[in-house]
Amino acid sequence: MDWHSISLKAVFSSLKTSKSGLTSTEAKTRLESGGPNTISIKKEISPVSIFINQFKNLLVLLLLFAAFVSFMIAYLDPHESDYIDAILIFAIVIGNALFGFFQEYKAEKTIEALTKMSAPLALVIRDKQEIEIPSEQVVAGDILVITEGDKVAADARVIESFSIHSDESALTGESLPSQKEAGEVAEKTSLAVRSNMLFMNSVITRGRGLAVVVETGLKTEVGQIAKQISEAPQKVTQFQLETEDVGKKVSMIVVLMLVLIAMSKFLLGDADLLVIFTTAVALGVAAIPEGLPAVVTLALSIATNRMLKQNALMRKLSTIQDLGSVDVICTDKTGTLTENVMTVTRAYALGNSFEITGAGLAKSGEFVSKSGTVKDLDLLLKCAVLCNDSKENGDDFRGDPTELAVLIPAYKAGYDVDKLRADFKRIDEVPFSSDRKLMSTLNQNHNKKYGFVKGAPEVLITKCTSILTPSGIKKLTEKERENLLNKNIEMAGAALRVLGFAYKENPKSATEADLESNLIFLGLMGMRDPPREGVHKAIDDCRAAGIRVIMITGDNKYTAEAIGKELGFKGTCLTGLDLDELSEKEFSKTVETHDIYARTSPKHKVMLLKALQNNNHIVCMTGDGVNDAAAIKNSDVGIAMGIRGTEVTKQASDVIILDDNFISIRNAISEGRGTFINIRKFVTLLLGANMSEVLAVFIASITFLGLGPKIAIQLLWINLLTDGLPALALGADPATKNIMDEKPRPKGERILNGQALYFILWMGVIEALAVIAIYAYYHLFDDITKAYTTFFTAFVVYEMISVYLVRSRYKTPILSNKWLHLTILLSLALQLYVLYGGIGHWFGVVPLTLSDWILISGVGIIFIAVMWLAMAIEPVLKRKFLRKQGL
């Protein structure tokens, strides 16, 4: 129902209640039928389900299949080594699952700790008495008693308002509190300007009154957004799609190779089932990058920890890769780009204009003027302090945002606010009202009384008959009055909210008529919600990285344009109403040309998001309010603010920025890009190495060379050394310094792009031929055991060399990762232990002589030379290919 547009009488009738409230019995019945007043829709964290999810990956399933085949072989022809194969594969799978489990479980627990409760208590009228109850027990029809500082427990229609102001920035994006009054508003009035409604989780910054609860729980404005989010399907990240794609391709290769080998065995008359099973395991172990899931998980975990140090909490590991691919950031203004604290930035007194530095509630700042001094502001600052209800409360401040804004400049000027208020004791006041647009106080200093007034300049100036000038108090002429009004318009034109200040000496009484007439004009103060420090540079960095930044706010058009201009946004601003008038085709074109949107609703944010996604953009949506949650949930990467962010928004997000700073978003994107490059490095390494193993196994199995009896465990050991510590260390490579100077990765580009596949192909073929050449050499001399040993060892050595070739391919400085060098030395040491440590019989190998190492090294040099040649001619081949394609 449109509760805002019907009469109060109709509201009471529909809810079967009255201004006297409900009885306890009625409230109990309604609570039982309507349910508790909560918006909690988050399911409890299930460790079991998080653990099971780690196995929903085709590569992992292929590994489990390989382990099963190993067990079958052990059953058909029992050998201890075969059981070891299966046990090792299972150990790898479980280890990978534990990696992912602990990281995701830790993230979910961190979110639980960050979650903030809704209003814990509410003051209502029950049985004609005011009682305090838990907010979850509030029901439709309850009468809420509203006072300053309250967190509104449910959506409610205002019955009585004594200057109620409500901070609804989390829901509407409005940076200023909204004034509330009883009465009716038009049916099509937007949420941000429904002046007769209070909304769940908004905060009362000023005033008192009564309101009747019209909706609770998931039926509230906040609840409806929460419900939409909970019903949205879980999105699958690009990274998850790509790993599934790799798994499918690997499985196809294994099946194809197995079919070819089986056919060749049948044609040669050697169709031994056990041999085919052994070959299947060997191929499975060779083709499947066992360590890939674990290495990817650990690389993402390392990136997550780096990002956490930079105040970005990743809720899902797989989101990091998408974060590095973002090419559009849609950001809320209030609280994300700005401080979400009104700050006086300009003042005017004694004919001089002042710029005031320092943002938010900081007590430090400077007063900059071409001709004036801080002394010129003395009476203006005193009036702002004395005609003001806000105050310092310990290390914090409490009060209406506007009053806090005009109080802070006195601290910046060095005033002792408490002493000033003690010296000028307030003895009476006329509270602010929307009709008068003024607030007045009567203060006494010794035996002299003063009246101090602040309010809307256009009203206040009409109440003034004199003006304070450098030479004293003078009569206010019509020309001067016009100049003051023009100064007000000038400041308002800069998207400042302007207040005027005046006073009078020895007023006769504390009445409105006396306190607010024949005033002496003191000056003006202009305030705004300023941009956060460092945000401009962060936005510039994103633009330099090819990332477009779009500002979407519920605030008014003029404020949005002013903040946008200051942060380097170009072009005109469109409002939600402007968007509603566009056709689908016009809308699609508009989102590519406009970067500032004002007076938007949650519906508009989702519309903008989907239009950008339909235009093939990877979109990151950021924000802190409930009004951002639906769009955050549906974006490619959703980012919520950790401090100001609502619970609903956090639960909808992929990333939580713990310091609410856009700079941390930029840093997170930079880390995401670096992580993607690292993933591409070790995917290239692992698939290139595994391709060489598959080719070698295939060639050996269909030729006179044949495969050794321990081939499966040998290949598993090779993959453990390669896919293990060196690949893990490769995932910890630091991002290059110029990572944010590059353009975002195109949406359709996979981890295995053309350049990666080129390298994998060359590495796979050349390494396989190098190893087979050595293997064949020893076969010719009938030294079969030595052939198995050199086959085994050459793979280990060449794949360690390949680590450096991959890093060279991606221009990574050779000394930038000390852990990588240590892991390669450790891997080689482990291989030497297998050869010379007395456990060679487990692997079917014997110690190698110096001449054997010379042969392996010589072929290795040829391998390096051919790979360097392949990398050198790659740009030439690429240019020829592009010319051929007409690009």
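1. Start at the hairpin of β15 and β16. Four residues lie between these strands, and K437 adopts a positive phi near 60 degrees. This is a predicted model, so the turn should be read as a prediction. Strand β15 (residues 425-433) runs antiparallel to β16, with six bridges between them. S433 has L438 of β16 as its bridge partner.

2. The next hairpin joins β16 to β17. Two residues separate the strands, and H446 in the turn shows a positive phi of about 60 degrees. Strand β17 (residues 448-455) pairs with β16 in the antiparallel sense, over eight bridges. L442 is bridged to G451 in β17.

3. The model holds 11 aromatic pairs. One of them joins F397 and Y411: the ring centres are 5.7 Å apart and the planes meet at 75 degrees, so the pair is edge-to-face. F397 belongs to strand β14 (residues 396-398) and Y411 to helix α14 (residues 401-412), so the contact ties together parts 14 residues apart in sequence.

4. Y798 is buried at 0% relative accessibility. F863 is buried too, at 1%.

5. Rings also gather in a cluster. F424, Y450, F452 and Y503 are linked by ring pairs.

6. Two arginines sit over aromatic rings. R208 lies over the face of F162, 4.2 Å from the ring centre. R809 places its charged end over the ring of Y810, at 5.1 Å from the centre.

7. Last, the surface. Which residues make the nonpolar patch of about 360 Å²? They are L256, V259, L260 and M263. L260 lies in helix α8 (residues 238-267). Why does L260 count as partly exposed? Its relative accessibility is 38%, and the partly exposed class runs between the buried limit of under 20% and the exposed limit of over 50%.

Technical notes
Residues are numbered from 1 along each chain as its sequence is written. This is a predicted model: local features need pLDDT of at least 70, side-chain atom pairs count only at pLDDT 80 or more; totals for chains, interfaces and linings use all residues. Side-chain values use heavy atoms; hydrogens and water are left out. Patches are made of residues with over 30% relative accessible area and no salt bridge: like charges are joined within 9 Å, nonpolar side chains (Val, Leu, Ile, Met, Phe, Trp, Tyr) within 5 Å. Accessible areas come from the Shrake-Rupley method with a 1.4 Å probe; for residues, only the protein chains shown count as cover. A salt bridge is a side-chain nitrogen of Lys or Arg within 4 Å of a carboxyl oxygen of Asp or Glu. Buried means under 20% relative accessible area, exposed over 50%, partly exposed in between (1.4 Å probe, protein chains only). Rings of Phe, Tyr and Trp (its six-membered ring) pair if their centres lie within 6.5 Å; planes under 30 degrees apart count as stacked, over 60 as edge-to-face and the rest as tilted. A charge sits over a ring if NZ of Lys or CZ of Arg is within 6 Å of the ring centre and within 35 degrees of the ring normal. Two strands pair if DSSP finds at least two bridges between them.
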